[in-house]
Structures are given as C-alpha cells and as structure tokens.
Amino acid sequence: LQILYTRAASVAYGSGLVFIILPLAMLGIGLGGVFVFSRLNTLTREPHINACVVGCSLLYVMSILVPFLVLDPEERFSVAAFFLTGFVTYFLGGAIGAILFRYYGAQTSRLYGVSLLGSACGALGSILLLDHVGMPKTIMWVVVISSFSVALYALDAGLGKRRLIPL
C-alpha cells in the first residue's frame, strides 16, 4: 500500500512530497496501537474482539480507495485530503494489528510471521501489478485481496454464525 501511495503522490504532486508517506505510515500505525491500548483495552469476550477486528478491517478495506479518489494534482486541498485519508488507512491498520497482538498474544510468532509474509508478497505483488496492469487495476486488486483476508478471518472466527456486533 505504501508503494502505491508513494507512486501516486509522486505522479500527482511531484517527488517533493513523497518523503511524507513513510512518517505518515509510522505515525498512523503507532497512533492506532495507542488508541487500542487506551480505548479498547477492556474487551474481554472473544465475540467482541472478533467483531472489532472485522469491523476495523472492513473500514480499512474501504479506506484504501479514498486517498486515490481525492487525488487531484490541480487542487491544493487535495494534497491535505490525500495525506489525511492515507493516515486514516494506516491508523486502522495499526489498530487491527494492535488488537490482534493484544488479544492473541500467545500466537505472536505466528501472527508476526504471517504479517511479514503478507507484507513481502504485497510489496512484490504491487510492484509487479503496477508494471503490468497500471495503477487503477493494482488498487482494485489490493482492495480485493484485502477483502478476501477479512472474509477468511470472519469465517474462521465464526462470525457468519452470529451477529457481527454481539450485544
């Protein structure tokens, strides 16, 4: 995702603003983790935890497209909107990771391994897709693949058998 944001920002706004992407990603992921620690640290039941992960993941998948929709090189507001919406995407990613590591800490090595594998495949895949099908189709593939992982998690958590938001 960071590769897509970097390429889109460099094409739309020139290479002068590309350096903002990495700190923005780190800030968003970090603040997402802090938010989980300060606000969602009291989740105790597994259905609530799973519903929270799936809800955040759905928002994350939807938020992937938004920065590219507000991208307009000719409008000054578009620069702030692009980076703000990108920050929200990284914030949600940080919150999802923090929830998973907080409540499934016993499986940390497994979670970390899957995360690294997914990151490596995503980085390599996005570069290959960008070269072969272009930016718009690559963005759609990222959304589809992200949606697929959310669906797999929801099925594994058994959320198809009960309400998504248990009361």
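**A walk through the helices**

Guide: Ile139 has a relative accessibility of 6%, so it counts as buried. Bear in mind as we go that this is a predicted model.

Visitor: Which helix does Ile139 lie in, and which residues does it touch beyond four places in sequence?
Guide: Ile139 belongs to helix H6. Leu4 is 135 residues away from it along the chain, yet their C-alpha atoms are separated by 7.6 Å. Setting aside residues up to four places away in sequence, Ile139 touches Leu4, Leu65 and Phe68.

Visitor: Which residues have the most contacts inside the largest nonpolar core?
Guide: This core has 23 residues. The residues with the most contacts inside the core are Leu4, Tyr5, Ile21, Phe68 and Phe82.

Visitor: Which helix gives the most to this core, and how many residues does it give?
Guide: The one that gives the most is H1, and its share is six residues.

Visitor: What is Ile21 in contact with, leaving aside its neighbours within four places in sequence?
Guide: Ile21 is one of the residues with the most contacts inside the largest core. Its contacts beyond four places in sequence are Gln2, Tyr5, Thr6, Ala9, Phe82, Phe83 and Tyr90.

Visitor: Does Cys52 count as buried or exposed, and what about Cys56?
Guide: Buried means under 20% relative accessible area. Cys52 has 17% relative accessibility, so it counts as buried. With 14% for Cys56, that residue also counts as buried.

Visitor: How are H1 and H4 oriented to each other?
Guide: The axes of H1 and H4 are 12 Å apart, and the helices pack at an angle of about 180°. Angles over 145 degrees count as roughly antiparallel. H1 and H4 are therefore roughly antiparallel.

Visitor: How many nonpolar, polar and charged residues are in the contact of H1 with H4?
Guide: From H1 come Gln2, Tyr5, Ala8, Ala9 and Tyr13. H4 brings Ser78, Val79, Phe82, Gly86, Thr89 and Tyr90. By class, the contact has seven nonpolar, four polar and no charged residues.

Visitor: What is the orientation of H1 and H5 to each other?
Guide: The axes of H1 (residues 2-13) and H5 (residues 108-133) come within 9 Å and cross at roughly 40°. An angle under 35 degrees would count as roughly parallel, and roughly perpendicular runs from 65 to 115. H1 and H5 are therefore oblique to each other.

Visitor: Which residues make that contact, and how do they divide by class?
Guide: H1 contributes Ile3, Leu4 and Arg7, while H5 contributes Ala123, Ser126, Ile127, Leu130 and Asp131. They divide into five nonpolar, one polar and two charged.

Visitor: Is Ser63 buried or exposed, and what is it in contact with beyond four places in sequence?
Guide: Ser63 has its place in helix H3. At 8% relative accessibility, Ser63 counts as buried. Its contacts, leaving aside neighbours within four places in sequence, are Tyr5, Thr89 and Leu92.

Visitor: Where does Arg76 lie, and does it count as buried or exposed?
Guide: Arg76 is in the loop between H3 and H4. The C-alpha atoms of Arg76 and Gly28 are 22 Å apart in space. With a relative accessibility of 77%, Arg76 counts as exposed.

Visitor: And Phe77, buried or exposed?
Guide: Phe77 is placed in helix H4. Its C-alpha atom is separated by 19 Å from that of Arg7, 70 residues away along the chain. Exposed means over 50% relative accessible area, and at 59% Phe77 counts as exposed.

Methods. Residues numbered from 1 in each chain as written. Predicted model: local features only at pLDDT ≥ 70, side-chain atom pairs only at ≥ 80, totals over all residues. Heavy atoms only, no water. Axes fitted to C-alpha atoms, helices over the stretch in contact; angles between N-to-C directions. Helix = DSSP H or I, 4+ residues; strand = E, 2+ residues; numbered from the N terminus. Contact = heavy atoms within 4.5 Å. Nonpolar A, V, L, I, M, F, W, Y, C, P; charged D, E, K, R; others polar. Buried < 20%, exposed > 50% of the residue type's maximum accessible area, 1.4 Å probe, protein only. Core = buried A, V, L, I, M, F, W, Y, C linked by side-chain atoms within 4.5 Å.
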